[in-house]
Structures are given as C-alpha cells and as structure tokens.
Amino acid sequence: MNVESADFVYLQEKTASTSGNLSRQIEMLKDAGYIEAERQFVNKKPRTECRVTEEGRRAFEEYVETLKEYLKH
C-alpha cells in the first residue's frame with residue numbers, strides 16, 4: 001500500500017511467495033477488482049506490474065479497521 005505500483009519480482013520478494021502462489025493471488029485480487037495488473041514484455045522478458053484500485057484501497061482500509069476493532073476486545 002506504500003507504493004503506487006509494484007512488479008511481480010518486487011511482490012515476490014516482499015511476500016516470500018512462490019511464483020505460482022503469487023500468480024494465483026494476483027488473479028484473485030484482479031478478479032475482485034482490488035488491483036489492476038498489466039502484463040508486458042521488457043527486453044523479451046515478461047513483466048507484470050500491479051496497481052491497487054480505489055476499490056482495493058477502500059477494502060484494505062475497511063479490513064484494517066475491522067482488525068483494530070477485533071483487537072480491542
């Protein structure tokens with residue numbers, strides 16, 4: 001949430017996910033409308049760039065608020 005966009009390699013390093021797991025998570029978030037994912041080739045190598053949508057940002061903020069409320073009890 002602290003970066004405007006992130007590529008697949010960055011996300012994989014930050015989440016310590018396998019390629020397959022991260023690919024599946026990206027597809028699920030994309031299908032839910034929480035992120036936009038753009039796939040392209042750079043120097044003949046595939047590159048996926050992800051950006052959080054406004055809907056995704058709102059959902060994340062709601063999730064954080066729900067966790068805060070839960071932890072108060």
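Visitor: Is Arg39 buried, partly exposed or exposed?
Guide: This is a predicted model, in which local features need pLDDT of at least 70, side-chain atom pairs count only at pLDDT 80 or more, and totals for chains, interfaces and linings use all residues. Residues are numbered from 1 along each chain as its sequence is written, and side-chain values use heavy atoms, with hydrogens and water left out. Buried means under 20% relative accessible area and exposed over 50%, with partly exposed in between (1.4 Å probe, protein chains only). Because its relative accessibility is 49%, Arg39 counts as partly exposed.

Visitor: Which residue meets Arg39 in a salt bridge?
Guide: Side chains of opposite charge can pair when their charged atoms come close. A salt bridge here is a side-chain nitrogen of Lys or Arg within 4 Å of a carboxyl oxygen of Asp or Glu. For Arg39 the N to O distance is 2.6 Å, and the partner is Glu27.

Visitor: Which elements does the pair of Glu27 and Arg39 link?
Guide: Helices (H or I, at least four residues) and strands (E, at least two) are DSSP runs, numbered from the N terminus. The two residues are twelve residues apart and link distant parts of the chain, namely helix α2 (residues 19–31), which holds Glu27, and, for Arg39, strand β2 (residues 35–42).

Visitor: Which residues are joined with Arg47 into one network?
Guide: Arg47 forms a salt bridge with Asp7, their closest N and O atoms being 3.7 Å apart. Arg47 lies in strand β3 and Asp7 in strand β1 (residues 6–7), so this pair ties together parts that are 40 residues apart in sequence. The side chain of Arg47 also meets that of Glu49 in a salt bridge, at 2.9 Å from N to O. Through these shared partners, the residues joined with Arg47 into one network are Asp7 and Glu49.

Visitor: Which residues is Thr48 in contact with, leaving aside its neighbours within four places in sequence?
Guide: Thr48 lies in strand β3 (residues 45–52), and it is buried because its relative accessible area is 13%. Contact means heavy atoms within 4.5 Å. With those neighbours left aside, the residues in contact with Thr48 are Ala6, Asp7, Phe8, Ala37, Glu38 and Arg39.
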